Amino acid sequence: MMCEECHARPATVHFTKIVGGEKSEYHLCEQCARDKGDVFAKAAQAFDFNHLLSGLLNMESSPGIAAPPPANLRCDVCGLTYHQFTQMGRFGCPHCYESFASRLEPLLRRIQSNGQHRGKVPLRAGEQVKKRKVLDRLRIELQQAIAAERFERAAELRDQIRSLEQEFEQ
Amino acid sequence: MSLSDFLQRAMSKWMRDGGPNDDIALTSRIRIARNITDVPFPMLQTDSHADAVIDRVRRALASPDVRRFGNFELVRCSELSALDRQVLVEKHLISKDLADEVKHGAVALRDDEVVNLMINEEDHIRIQCIMPGLRLEEAWQLANELDDALEKHIPYAFHDRYGYLTACPTNVGTGIRASVMMHLPGLVLSGQINRMLSAVSQVGLTVRGMYGEGSESAGNLFQVSNQVTLGETEEEIIGNLSSIVNQLMDHERAARRMLLQENREGLEDRVCRSFGILAYARKMDSKETLQRLSDVRLGIDLGIIKGVSAGILKELMVMTQPAFLQKYYNQELSPATRDSRRATLIRERLRLDDTEVQ
């Protein structure tokens, strides 16, 4: 069979497209199929990278993932469910990383070699990271001060914590 | 317009310029994925989210911090014709996915096309920097500085542990993808390529055909890039890739020398046959074009063909693709017509040089 587009090369790509119940068949050579872009892209999609990734995400029974995720696991900011994430291999928003944190470790171990970022830190976020660490330290000190009944020191620490928290809210 | 005028306008300046080691490492590219905190990733975007992202980038580009990087023109994909979007894809300035993202996508191009931004593709922002030859460090430096300037105006989604947050977990961390496009006919002809490529994949790099994920290698062109984005610093990622690319170049040069020594006649025959076909054929499909151009470029590098500029491979690789052909002939062309116009264009291009075959 010859390619129905260029009529010059043998047809090597055959597929059926169904849109709204209407069925059309295509017989094209590889080049015309690629030129037809949209049609071919759909046919090729089954083998593309996203599908491989979602295949990895669906390997729930494999070692490293202990139990299936709860059916209602979803991101509380964008509403993406974990199930949808495994189908598409894409997160819905930055917050998904927190929402799905419990499932993320084994996944990142599979596709990335190491789970801890060591590269560049944005200046603005870098400042916040530092402040958060200070806040965590002050909170521990506050607990220790209360336990030791050093209430004056505790009041000072409380005020420092409050003003830092206010900065965060802004 | 004459072909030489068209070439002057169609080719980015960086494509015409040479670069270090560009006989084998044709181009170096750095891509950085960044997202805005508190905005859904493009996959879940509403129209207003998409507009907000484009607007933030537009404002950042107008700031003095970013303007010192040059003049960027921001265009929404919807404002470009399908053909113009395809031309940008063929120039490797935007991805096919962005060209298809007509509703929400946008691109910010710097005049010289060395650096640009893809907006609302898979991530909110992707900074891309392409330079000729093996210049990964330089490309990273430019992309990194532009990233810093944008970050002053755009709050990036960042996590202490996971680094820069991206729509796909394969980009999280540094968000950096560094790649080098390599022309490796010596390794292919001497049958060493598969061994080399499997060795490369064992050190955390990936190799693909020149048209990105899933595409086969055409014209002996291979794109080598980092696979891992989390757990290594940007400098480690780039250093690792550079060192492997340097080793591949050494092997390629050794393979070329060996082919010349052991079978000069066979090699010359192959190169000259391909040159003859390019110079006289009346119909050329894209795949054969790339293969023949690869042979001719090898012939130029080895001194078998003289008088043809070495840039011809890069030039014709871009020029003979479907959208460029239609742009040059200024009309829509069926695939069959394209094959004959492609052959005509190649013959014209070869006549621009004063060729001499040894």
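Let me start with the salt bridge in which the side chains of A:Lys120 and B:Asp147 meet at 2.6 Å, N to O, a salt bridge being a side-chain nitrogen of Lys or Arg within 4 Å of a carboxyl oxygen of Asp or Glu. This pair crosses between chains, running from A:Lys120 in the loop between helix 6 and helix 7 of chain A to B:Asp147 in helix 7 (residues 136-151) of chain B, where helices are DSSP runs of H or I with at least four residues, strands are runs of E with at least two, and both are numbered from the N terminus. The side chain of A:Lys120 also meets that of B:Asp148 in a salt bridge, at 2.8 Å, N to O.

Before I go on, please keep in mind that this is a predicted model, in which local features need pLDDT of at least 70 and side-chain atom pairs count only at pLDDT 80 or more, while totals for chains, interfaces and linings use all residues. Residues are numbered from 1 along each chain as its sequence is written, chains are lettered from A and ligands numbered from 1 in the order in which they are written, and side-chain values use heavy atoms, with hydrogens and water left out.

Now to the interface as a whole. Here 44 residues of chain A are in contact with 55 residues of chain B, contact meaning heavy atoms within 4.5 Å. The two chains bury about 4000 Å² between them, 56% of it on carbon and sulfur atoms; buried area is the accessible area, taken with a 1.4 Å probe, that two parts lose on being put together, summed over both. In chain A, the residues that lose the most area to chain B are A:Tyr97, A:His117 and A:Lys120, together 18% of what that side buries.

The rule finds 6 salt bridges across this interface, and over all chains the count comes to 36.

Let me turn to B:Glu122, which is found in the loop between strand 4 (115-119) and strand 5 (125-132) of chain B. Its side chain is joined to that of A:Arg90 by a polar contact of 3.0 Å, that is, a pair of N or O atoms within 3.5 Å, where within protein one must be able to donate a hydrogen and the other to accept it, and residues adjacent in sequence count only if both atoms are side-chain atoms. A second polar contact, of 3.4 Å, joins the side chains of B:Glu122 and B:Arg126.

Finally, helix 10 of chain B has a kink of about 110°, centred on B:Asn263, the bend being the angle between axes fitted to the seven residues ending there and the seven starting there.
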